[in-house]
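Good morning, and thank you for joining.

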Amino acid sequence: MSFVHLNCHSNYSFHDGVCSPTELVQRIVEAGQSSVGLTDGCNFYGVTEFVKACAKFKVRPLIGCEFWIDTQGLDNMQYARRSDRYKTVLLIKNKEGFYNLNAIVSHAISEGMHFRPYIDINTLKERSKGLIAILPNMN
């Protein structure tokens with residue numbers, strides 16, 4: 001079994017990524033890997049370039065996004081303790097997951113913007129079908 005990077009950022013992740021999606025795929029090929037996950041921070045801006053590069057280099061694309069989750073709900077954002085916030089990665093598993101992740105991105109940007117886009121645990125529960133979540137230990 002080979003290793004797969006599931007949480008890679010491109011230059012479409014502000015302050016998090018430095019390479020283009022094409023450069024990311026080229027590095028994956030150079031490393032001898034056959035699959036990679038692009039999980040830019042709450043956006044899909046690099047997905048088209050990423051998928052085209054993966055097709056060109058015969059690499060299996062995994063598409064997702066990275067979010068901050070707030071377990072106390074978005075209504076209490078200014079009062080929430082830092083320990084109530086976690087990074088999470090959501091990967092698309094199927095077509096339903098694609099639609100659900102698009103809805104989560106829209107919700108995070110329109111309803112959860114507090115210095116960075118947040119989602120709450122209820123939104124994640126409501127929109128979890130078709131997604132694979134990589135969550136930290138939340139006890």
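I begin with strand E2 (residues 35–38), which is joined to strand E3 by 4 bridges, the two running parallel. Within this pairing, leucine 38 stands opposite isoleucine 63 in E3. Two strands count as paired if DSSP finds at least two bridges between them. Helices (H or I, at least four residues) and strands (E, at least two) are DSSP runs, numbered from the N terminus.

A word on the source: this is a predicted model, in which local features need pLDDT of at least 70 and side-chain atom pairs count only at pLDDT 80 or more, while totals for chains, interfaces and linings use all residues. Residues are numbered from 1 along each chain as its sequence is written, and side-chain values use heavy atoms, with hydrogens and water left out.

Strand E5 (residues 118–120) pairs with E3 in the parallel sense over 3 bridges, and here isoleucine 69 stands opposite isoleucine 119. E4, by contrast, runs antiparallel to E3, and 7 bridges join the two. Tryptophan 68 has lysine 87 in E4 as its bridge partner.

How many of the 11 residues of E3 are buried? The count is 8, so E3 is largely enclosed by the rest of the structure. Buried means under 20% relative accessible area, exposed over 50%, and partly exposed in between, with a 1.4 Å probe and protein chains only. For the protein as a whole, buried residues make up 44% of the 139 residues.

I turn now to the salt bridges, each being a side-chain nitrogen of Lys or Arg within 4 Å of a carboxyl oxygen of Asp or Glu. By this rule there are 2.

Glutamate 66 lies in E3 (residues 60–70) and lysine 87 in E4 (residues 85–92), so the pair ties together parts that are 21 residues apart in sequence. Glutamate 66 counts as buried, at 9% relative accessibility, whereas lysine 87, at 39%, counts as partly exposed.

The other pair is glutamate 30 with arginine 27, where the closest N and O atoms are 2.7 Å apart. Both residues lie in helix H1 (residues 21–30), 3 residues apart, about one turn of the helix. Glutamate 30 and arginine 27 are both exposed.

Finally, the overall layout: the protein has 4 helices and 6 strands, in the order β-α-β-α-β-β-α-β-α-β along the sequence.
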